[in-house]
Amino acid sequence: MERLLHYTWQHRLFPLETLRTTEGEEVEVIDPGQHNDDAGPDFFNAKVRIGGHLWAGNVEVHQHASDWFRHHHDTDARYNNVVLHVVETDDAVVHSLSGRKLPQLVLCAPDSLAARYQTLLIEDRYPPCHSILPHIAKLHVHAWLNALTAERLAAKAERIDSLLRQTAGDWERTFFITLARTFGFGKNTEAFERWAMTINLQQVGKHRDQAGQVEAFFLGQAGLLDDESLAPERRDDHFRTLQAEYRYLSHKFSLTPLPHTVWKFLRLRPQNFPYRRLAQLATLYYTGQLNFAKMRQHATPEAFRTLFLHPILPYWTHRYTFGEADGSVQTTKSAQHPAPHPTPLLSPAMIDLVMINTVVPLLFAYGRQHHDTSLTDRALALLESLRPERNAITRTWSDLGIVPQHAADSQALLHLRLRYCDRKDCLRCRFGTFFLRKAQQQTAPQKDPDAPP
């Protein structure tokens, strides 16, 4: 339970008796230091007095003292400035790379804290801290959601930075890959990203004025124009036409498609079938809307939605896959008598997801890399102007009284589930630490009201 030992040190949950090293020197903790979540010592810039001497430096925490060697800290120069080794079990004498013997402090988490933490770890219901959520002030809930939103945006920006390195700093291609990933809707997220990595936008751009060739390029690179990818009865004239176009493009550009087996269809809603999503991407590209420079010009959801006021490529109006039109997609009279205004290419909910998962992270990452706070502020403002996502995770939190007010809140709750609850990382969660503090307060000795002051 090393994490709990970190928590104990960080929050000074020390026993009442004087702390001493394994060699009997008195230890006074002036400042436990700043907790480090990255590589290197666990706590930076700590101040401790050991045997009457003041030390300023780093602190390393391990469940067993021998973990120092197991983690190879004895050969790592980053640990030369460790001034105290805090352990639960003293089973080894440790030295730094410079040969200095490190003072060790044996420390255990309070029994009541350990018991309460174990309660969180074994709780089957999500979230494990559900019982205390009604007791947390709304101000604290709001502050934690804001911090989680910032964490999620930073994590997405780091992913975008990684894509930028893979694309040699090409923002347009990075935007294309990120957008394609959004179109994967969980089940096909990785497949769409793999597909987008095979698309050379300069090659597609040579045929941008031909919608059919763009469609053939996109579907062909996905492996969905292979005969093996489709039942014979569904290989209609349109399929054969695209197949012939792709053969021409494949020969011209020496293309290598993905295997069609990467795509998942089981328990997937028909509107999320890769055929239709790829046709939507082809429409966006053909109409010139698939453009990060253009996306950066818009500041409101209303302005952004105007980019999708285009009908999908005609063949896909009433289809989810190749073959005969699916009657379940047929609309009412409006199909025969089109409305005077163009129909959005995507549903409002899908457009919101594109803004949440593509536009906002790209704007944030672009603004951060170019030190443009106006863009990072616009990204956050756009997120806060969108409706909250509705899914099983947000519904669970709503049932517990934490109702997301906008997409920034729903993104925070998704991040909380993925990065904290699913990992049982309750000790870094403000809700989890509230749960533990409440336990400490309940088990703390109460003063006798009749006792003299």
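Buried means under 20% relative accessible area. The exercises below apply that cut-off and a few others to a predicted model.

**Exercise 1. Aspartate 425 and its partners**

Task: Is aspartate 425 buried or exposed, and which arginine 3 contact involves it?

Solution. 
- Step 1. Aspartate 425 has a relative accessible area of 8%, so it is buried.
- Step 2. Arginine 3 forms a salt bridge with aspartate 425; the closest N and O atoms are 3.9 Å apart.
- Step 3. Arginine 3 is in helix α1 (residues 2-10) and aspartate 425 is in the loop between α16 and α17, so the pair ties together parts 422 residues apart in sequence.
- Step 4. Check arginine 3. Its relative accessibility is 42%, so it counts as partly exposed.
- Step 5. Look for another partner. The side chains of aspartate 425 and arginine 428 also meet in a salt bridge, at 2.8 Å from N to O.
- Step 6. Arginine 428 has 36% relative accessibility and therefore counts as partly exposed.

**Exercise 2. Salt bridges elsewhere**

Task: How many salt bridges does a search of the whole structure find, and which parts of the chain does the pair of aspartate 161 and arginine 368 link?

Solution. 
- Step 1. The search of the whole structure gives 14 salt bridges.
- Step 2. One of them joins aspartate 161 to arginine 368, with 3.2 Å between the closest N and O atoms.
- Step 3. This pair links distant parts of the chain: aspartate 161 sits in helix α4 and arginine 368 in helix α13 (residues 348-369), 207 residues apart.
- Step 4. Aspartate 161 has 18% relative accessibility, so it counts as buried. Arginine 368, at 34%, counts as partly exposed.
- Step 5. Salt bridges also form a network, which links Arg159, Arg181, Glu190 and Glu193.

**Exercise 3. Rings around phenylalanine 322**

Task: What geometry do the ring pairs of phenylalanine 322 with tyrosine 315 and with tryptophan 316 have?

Solution. 
- Step 1. Start with the total. The whole structure holds 24 aromatic pairs.
- Step 2. The rings of tyrosine 315 and phenylalanine 322 have centres 6.0 Å apart and planes at 40°, so this pair is tilted.
- Step 3. The rings of tryptophan 316 and phenylalanine 322 have centres 5.1 Å apart. Their planes stand at 65°, so the pair is edge-to-face. The cut-off for edge-to-face is over 60 degrees.
- Step 4. Check burial. Phenylalanine 322 is buried, at 0% relative accessibility. Tryptophan 316 is buried, at 0%. Tyrosine 315 is buried, at 13%.
- Step 5. Widen the view. Ring pairs link Phe239, Phe265, Phe273, Tyr275, Tyr315, Trp316 and Phe322 into a cluster.
- Step 6. The charged end of arginine 319 sits over the ring of tyrosine 315, 4.0 Å from its centre. Likewise, the charged end of arginine 296 sits over the ring of tyrosine 366, 4.5 Å from the ring centre.

**Exercise 4. Backbone exceptions**

Task: Where does a cis peptide bond occur, and what is the phi of asparagine 45 and of lysine 424?

Solution. 
- Step 1. The cis bond joins tyrosine 126 and proline 127, with omega about -10°. Proline 127 falls in the loop between α3 (111-122) and α4 (138-166).
- Step 2. Asparagine 45 is not a glycine, yet its phi is positive, about 55°. Asparagine 45 belongs to strand β4 (residues 43-50). At 57% relative accessibility, asparagine 45 counts as exposed.
- Step 3. Lysine 424, also not a glycine, has a positive phi of about 55°. Lysine 424 is in the loop between α16 (407-421) and α17 (430-443). At 23% relative accessibility, lysine 424 counts as partly exposed.

**Exercise 5. Packing of α15 and α16**

Task: What is the angle at which helix α15 and α16 pack, and which residues meet?

Solution. 
- Step 1. Two packed helices are described by the angle between their axes and the distance between the axes.
- Step 2. Helix α15 (residues 392-399) packs with α16 at about 100°, the axes being 9 Å apart.
- Step 3. Classify the angle. The range 65 to 115 degrees counts as roughly perpendicular. α15 and α16 are therefore roughly perpendicular to each other.
- Step 4. List the contacts. From α15 come Ile393, Thr394 and Trp397; they meet Ser410, Leu413, Leu414, Leu416, Arg417 and Cys421 in α16.

How values were computed: Residues are numbered from 1 along each chain as its sequence is written. This is a predicted model: local features need pLDDT of at least 70, side-chain atom pairs count only at pLDDT 80 or more; totals for chains, interfaces and linings use all residues. Side-chain values use heavy atoms; hydrogens and water are left out. Helices (H or I, at least four residues) and strands (E, at least two) are DSSP runs, numbered from the N terminus. Buried means under 20% relative accessible area, exposed over 50%, partly exposed in between (1.4 Å probe, protein chains only). A salt bridge is a side-chain nitrogen of Lys or Arg within 4 Å of a carboxyl oxygen of Asp or Glu. Rings of Phe, Tyr and Trp (its six-membered ring) pair if their centres lie within 6.5 Å; planes under 30 degrees apart count as stacked, over 60 as edge-to-face and the rest as tilted. A charge sits over a ring if NZ of Lys or CZ of Arg is within 6 Å of the ring centre and within 35 degrees of the ring normal. Axes are lines fitted to C-alpha atoms, for helices over the stretch in contact, and angles run from 0 to 180 degrees between N-to-C directions. Angles under 35 degrees count as roughly parallel, over 145 as roughly antiparallel, 65 to 115 as roughly perpendicular and the rest as oblique. Contact means heavy atoms within 4.5 Å.
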